[in-house]
Amino acid sequence: MLNVPSQAFPAPGSQQRVASQGRSKVPLKQGRSLMDWIRLTRSGKDLTGLKGRLIDVTEEELKTHNKKDDCWICIRGLVYNVSPYMEYHPGGEDELMRAAGADGTDLFNEVHRWVNYESMLKECLVGRMAMKPAVPKDCHEGKRVLNGMLPKSQVTDTLPKEGPSSPSYDWFQTESSVTIVIYTKQKNINLDSVVVDLQDDILRAELAVIKDHSYLIHIELSHEVQENFSVRAIENVGKVDIVLQKRENISWKCLGHPLEKHDSFIPKKDTGLYYRKCQLISKEDVTHDTRLFCLMLPPSTHLQVPVGQHVYLKLSVTGAEIVKPYTPVSESLLSDFKEPVLPPNKYIYFLIKIYPDGLFTPELDRLQIGDFVSVSSPEGNFKVSKLQDVEDLFLLAAGTGFTPMVNVLNYALTSMSSLRKVKLMFFNKTEDDIIWRCQLEKLALKDKRVDVEFVLSAPSSEWSGKQGHVSPALLSEFLQRSSENSRVFLCICGPTPFTDEGIRLLHDLNFSTDEIHGFTA
């Protein structure tokens, strides 16, 4: 609701576009760019109208500030005067007015909860919502730790009234190690379902994919441990083990002290994004304006981005924290083409187009080897289970919309026993814009299941391939099944107009919503 990245990401109701009704950006007046907003917040002008005071805001007071020239919005307990921001908001004034004089947390979470609104709107902060008196709880109960398990009443307080069963955890120790066991109560849990961070003996483990809910362990350990740990997933019973190595071989009396949201199980949309600092290891040119960035995870982090999901990169640009979503890729299309120099699972790769007039990507491109970038935990609603039993997989990509297709393509060729054919139609302006063209052509020659077609909108006179934009004629010819009743699935990604038009055309060609997944570039 407060800031929109390029190509209006994401669409309402999802972290990745799954329908054709996307959000649209509103043309801003001259002098109303993000940089202009940052300059205004640094000008010293009083943007709240309170002359620097912070106040407690009651619900009744909040409701009175519901006009465009007097608009207060509450987000996660903090109240902001967003009237000065109206003309700078890429989503338009009407979008902000949907939460005028009210708690806009749900709307904010629905549209783009990843935005760092605290940084964007810090000069617009009016104060906090006045808290209603609450019935005090037994203070001793909050401090009890029963062999790693919190009292049952504390667990059930965080559960939704309806929804999946909450995971639970326990722990045990040997002379040299401590093992935390998470019982997910879900089968088919794997290593990319859990993200673990260990910093200064504070353990944060988030089980991120349980019917769109997150289970969090967040605890200050009672004793020091080594930074290296291991994570095991026992898929058939839905159990996850986190094995920590003690620094001293002494017996622990308890696992540690619970921190914020420990042992909570809530809808993922209600959880905040968690970032860790990753080091830039390398960057190399892929095309004239696209680079392959390699980031190294901290040694005390376990993070594997699931196929088709994305993360957010965060940088400080002229004093403001700017966040953008990117889909990680593999180092190359298939490992056969390039011997991995770096060990897997400790490095994340991104194919990123650099926009010279942009705010974020030039700053990213200026980073030196050894500099750090903040990387969030994975987000997204794509599940590889959608590809189960699929025989024909069709991929439609435009420009850097190719990035989510990389891991989908690799997964299809290595893990889909039912696959007969995978076809990629890759739209670009010129031949020079085609990402990994050589690798794609080699892959098509090597694997008979793979077909790749390039389509250019502004080709040179020497180009003999397909030309134009996404159209019924191009798609009708491309979307040929391997057999009449084969099970199909289609993925599409590119700029918003490309994705919206592509999904509309696919529906016109009688493909159902269940057979289509639209990513956002």
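**Entry 1: the whole chain**

I began with burial: of the 521 residues in the protein, 51% are buried. I kept in mind that this is a predicted model. I then looked up the secondary structure and found 11 helices and 28 strands. Residues 24 or more positions apart account for 72% of them.

**Entry 2: confidence**

I checked the pLDDT before going further. The average for the protein is 85. A score of at least 70 is reached by 85% of the residues. Where does pLDDT stay under 50? One such stretch is residues 1-23. The model still has 105 contacts beyond four places in sequence for residues 1-23. Residues 134-161 also have a pLDDT below 50. That stretch has 30 contacts in the model beyond near neighbours in sequence. I noted a caution here: where pLDDT is low, predicted coordinates should not be read in detail.

**Entry 3: the largest nonpolar core**

I turned to the inside of the protein. Nonpolar side chains tend to be buried together in soluble globular proteins. The largest nonpolar core here has 39 residues. Which of them touch the most other members? They are Leu393, Leu395, Phe402, Phe426 and Trp436.

The strands are β17 (290-296), β21 (347-353), β23 (392-398), β24 (421-428), β25 (450-456) and β27 (488-493). The helices are α8 (403-415) and α9 (437-446). Helix α8 gives the most, with 6 residues.

I left aside its neighbours within four places in sequence. Phe402 is then in contact with Leu333, Leu351, Ala397, Leu424, Phe426, Ile435, Trp436 and Leu440. Of these, Phe426 and Trp436 were already on my list of core residues that touch the most other members.

Thr403 was my next stop, and it is found in helix α8. Is Thr403 buried or exposed? Its relative accessibility is 8%, so Thr403 counts as buried. Leaving aside neighbours within four places, Thr403 is in contact with Thr327, Pro328, Val329 and Leu351. Leu351 is also among the contacts of Phe402.

**Entry 4: helix α1**

I looked up helix α1, residues 34-41. Its buried residues are Trp37, Ile38, Leu40 and Thr41. I recalled the background: an α-helix has 3.6 residues a turn, so residues three or four places apart point the same way. What covers the buried residues of α1? The cover includes α5 (117-120), β19 (311-317) and β20 (320-326).

The loop between β19 and β20 holds Thr318. Thr318 is not a glycine, yet its phi is positive, about 45 degrees. With a relative accessible area of 37%, Thr318 is partly exposed.

**Entry 5: helix α11**

I tested the length of helix α11, residues 496-508. Its 13 residues, at 1.5 Å a residue, should span 18 Å. The end C-alpha atoms are 18 Å apart, which agrees. The buried residues in α11 are Thr496, Phe498, Thr499, Gly502, Ile503, Leu505 and Leu506. They pack against β23, β24, α10 (472-478), β27 and β28 (516-518). After α11 comes Asn510, with a positive phi near 75 degrees.

I finished around strand β3, residues 70-75, where Asp70 is found. At 26% relative accessibility, Asp70 counts as partly exposed. Not counting residues up to four places away in sequence, Asp70 touches Thr64, His65 and Ser83. The side chains of Asp70 and His65 are joined by a polar contact of 2.8 Å. How far apart are Asp70 and Ser83? They are 13 residues apart in sequence, and their C-alpha atoms are 5.8 Å apart in space.

Arg76 is in the loop between β3 and β4 (78-81). Its phi is positive, near 50 degrees, and Arg76 is a residue other than glycine. At 32% relative accessibility, Arg76 counts as partly exposed.

Terms used
Residues numbered from 1 in each chain as written. Predicted model: local features only at pLDDT ≥ 70, side-chain atom pairs only at ≥ 80, totals over all residues. Heavy atoms only, no water. Buried < 20%, exposed > 50% of the residue type's maximum accessible area, 1.4 Å probe, protein only. Helix = DSSP H or I, 4+ residues; strand = E, 2+ residues; numbered from the N terminus. Contact = heavy atoms within 4.5 Å. Polar contact = N/O pair within 3.5 Å; in protein donor to acceptor, adjacent residues only side chain to side chain. Core = buried A, V, L, I, M, F, W, Y, C linked by side-chain atoms within 4.5 Å. pLDDT = per-residue confidence, 0-100. Expected span 1.5 Å × (residues − 1).
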